[in-house]
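Open the model in your viewer and keep the sequence panel beside it.

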Amino acid sequence: MKETDREAVATAVQRVAGMLQRPDQLDKVEQYRRREARKKASVEARLKAAIQSQLDGVRTGLSQLHNALNDVKDIQRSLADVSKDWRQSINTIESLKDVKDAVVRHSQLAAAVENLKNIFSVPEIVRETQDLIEQGALLQAHRKLMDLECSRDGLMYEQYRMDSGNTRDMTLIHSYFGSTQGLSDELAKQLWMVLQRSLVTVRRDPTLLVSVVRIIEREEKIDRRILDRKKQTSFVPPGRPKNWKEKMFTILDRTVTTRIEGTQADTRESDKMWLVRHLEIIRKYVLDDLIVAKNLMVQCFPPHYEIFRNLLNMYHQALSTRMQELASEDLEANEIVSLLTWVLNTYTSAEMMGNMELAPEVDVSILEPLLSPDVVSELLDTYMSTLTSNIIAWLRKALETDKKDWIKETEPEADQDGYYQTTLPAIVFQMFEQNLQVAAQISEDLKTKVLVLCLQQMNSFLSRYKEEAQSYKEEHLRDRQRPHCYVQYMIAVVNNCQTFKESIVSLKRKYLKNEVEEGVSLNQPSMDGILDAIAREGCSSLLEEVFLDLEQHLSELMTRKWLLGSNAVDIICVTVEDYFNDFAKIKKPYKKRMTAEAQRRVVLEYLRAVMQKRISFRSAEERKEGAERMVREAAQLRLLFRKLASGFGEDADGHCDTIVAIAEVIKLTDPSLLYLEVSTLVSKYPDIRDEHIGALLAMRGDTSRDMKQTIIETLEQGPTQANPNYVPIFKEIVVPSLNVAKLLK
């Protein structure tokens, strides 16, 4: 208390010091004293009120405790009185056991009396119920069945309540109502039959389906009531719970599965299109069934049954199971395509689950796939493997068929522009087109894979095509009389190369839609090189045919017979022109190339004849006559090749000018100018070699050994500047070494 007093005094001193800091505040001391006195009185009043309130609460609590104590004493006395009375009444209760048994028997007899009419009429009700079931009056039959079951269950419950261990009486009641279970099973059988045909029934007689649903709903209510009572009494009548609603969905599920499986009417042995027909029947049946379920069956079932959603799930699961079964079979390539197209595209398309009549209840975006990605991938791998084997076989067969045409006695067919062709490109690319169209139905990725496969196999096929064309040529060379239409079919082979090129470009343009896919195709080996090689060898074979016929006449060039007036060049021109009349059936790119090559080879053979020193002129007159003849024949050849090259827009004079240039060297009369003329020739044709010059000088017949050596040595020392556009020709001409040896002697 002393500490508290000191703190109070210290606080008061601080407050007074705060109020009296200035002299003028001394005048207000009385005012301050009154204010503090009021505050003190207020605080004391509040303290007194609080203490008084606490005292009142304590007084009230003590009063209530006193009353509670009195109540406890009263209850204690009452319990003592009850205990005393209970002990006194034990003997009385035991003496009432007979009364208790009588009450139970009375209850049983009351239940028996209440059901007496039903008990005696059980056989009659059973017969009536049986008749109603047979007549199809299912609701009435079920009503009577419910009455029978109610009577049986009531009696059995009373017996169970009286003596649950008395199995003899329970068995007696159960056997008396034994027909009830049979009627229940018979009625259930009729219900399941209706449900199995529900999609047909709902169209013809929806009331029958409604009756079945009402019966099932009644049984569900009874099941729930009995299960609730079981929690209290542990009594369950025989045959309960029936769970007919659960069985109903089981029956519907089994019906759906049977309907899906039963759509296969054919096998592969009886019909190659068995799977297509099977899948189309499934599509039609499922779509029709779901439309009926959505529009009609929903109205026959309570909303909480969610009958359409459940049926949709059943159909989806049944379809998934069936598709997995089909996928596990040893399917052919076309069957795999049919299955995957149906599973991946048809199923979710407007032809089936995406049909407008099923919207919005069916959302194809949330439907689970019918086949797992692993199964789809496995099928695709099998398909690609089978397709690879098939394409190889088809290409081999197509080539064999085309080879048979090559030995025919009739000319090949011509296209709308008159160019010879065979059916090989059309057959090959029709096959590719069909497979690509099929692959595109499944997925874009498979389409790209099939295109890559086709291009790969096409590359291998063209290599075999090249080999067969070479064998065809070699076979012909062994006997040039056979085959009869060799030239025409070789022209067709050459033209086919252009057709193949165009078809490949068309195929890529059609089935490669974006840069990514084009990048895939660019990784494939280019077939243009092989096709150009086939066409080049084909053209070479045709020209070889020409030069085999020209061989005899080419051997007459630059001989004494030629100088005396041979018509070898006339025959050469006629022969070449005659062949090129047939070559008019070659497509333009190759014909243009052949014309240029023919000119080059004719000139090359002409120059080769010059360099082989078949003749040595004996006088200036012979040289002049020979040179003039060479100029005339060069003009004759130039005219021929201009005619053959008409329409190509190119100069056909280049190679023929070489003959004229050689003729100028031969024609020269002044040997002192020979070096200058030869120098001009070498500058114009930088690939001309020493042996060529030597052979040319030897042909003149008037050049001394020293002059020849001087000209050759001088030309070797002088630099030669080749024209960038110059096409070498002399480097292909080999001068016999014997001639050079003779020249140098």
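**Stop 1: a histidine in a helix**

Begin with His316, which is part of helix α13 (residues 307-328). This is a predicted model, so a word on confidence follows at the last stop. Is His316 buried or exposed? Its relative accessibility is 12%, and because the limit for buried is under 20%, His316 counts as buried. To see what surrounds the side chain, select Tyr347, Leu367, Glu368, Pro369 and Leu370: His316 is in contact with these residues, leaving aside its neighbours within four places in sequence.

**Stop 2: charges over rings**

Next select Lys245 and Tyr305. Lys245 lies over the face of the Tyr305 ring, 4.3 Å from the ring centre. Then move to Arg259 and Tyr285, where Arg259 lies over the face of the tyrosine at 4.4 Å from the ring centre.

**Stop 3: aromatic pairs**

How many aromatic pairs does the structure hold? There are 15. For one of them, select Phe429 and Phe432: the ring centres are 5.6 Å apart and the planes stand at 85°, so this pair is edge-to-face. The cut-off behind that label is an angle over 60 degrees. Both residues belong to helix α16 (residues 424-442) and sit 3 residues apart, about one turn of the helix. Phe429 has 9% relative accessibility and counts as buried; Phe432, at 1%, counts as buried too.

Now go to Tyr579 and Phe583. Their ring centres are 6.1 Å apart with the planes at 40°, so the pair is tilted. Helix α22 (residues 568-583) contains both, 4 residues apart, again about one turn of the helix. Tyr579 and Phe583 are both buried.

**Stop 4**

**Stop 5: confidence**

Finally, colour the chain by pLDDT. The average for the protein chain is 81, and 86% of the residues score at least 70. Which stretches fall under 50? Select residues 515-524, where pLDDT stays under 50 and the model has 14 contacts beyond four places in sequence. Then select residues 738-745, where the pLDDT is also below 50; this stretch has 13 contacts in the model beyond near neighbours in sequence. Where pLDDT is low, predicted coordinates should not be read in detail.

Terms used. Residues are numbered from 1 along each chain as its sequence is written. This is a predicted model: local features need pLDDT of at least 70, side-chain atom pairs count only at pLDDT 80 or more; totals for chains, interfaces and linings use all residues. Side-chain values use heavy atoms; hydrogens and water are left out. pLDDT is the predictor's confidence in each residue, from 0 to 100. Contact means heavy atoms within 4.5 Å. Rings of Phe, Tyr and Trp (its six-membered ring) pair if their centres lie within 6.5 Å; planes under 30 degrees apart count as stacked, over 60 as edge-to-face and the rest as tilted. Helices (H or I, at least four residues) and strands (E, at least two) are DSSP runs, numbered from the N terminus. Buried means under 20% relative accessible area, exposed over 50%, partly exposed in between (1.4 Å probe, protein chains only). A charge sits over a ring if NZ of Lys or CZ of Arg is within 6 Å of the ring centre and within 35 degrees of the ring normal.
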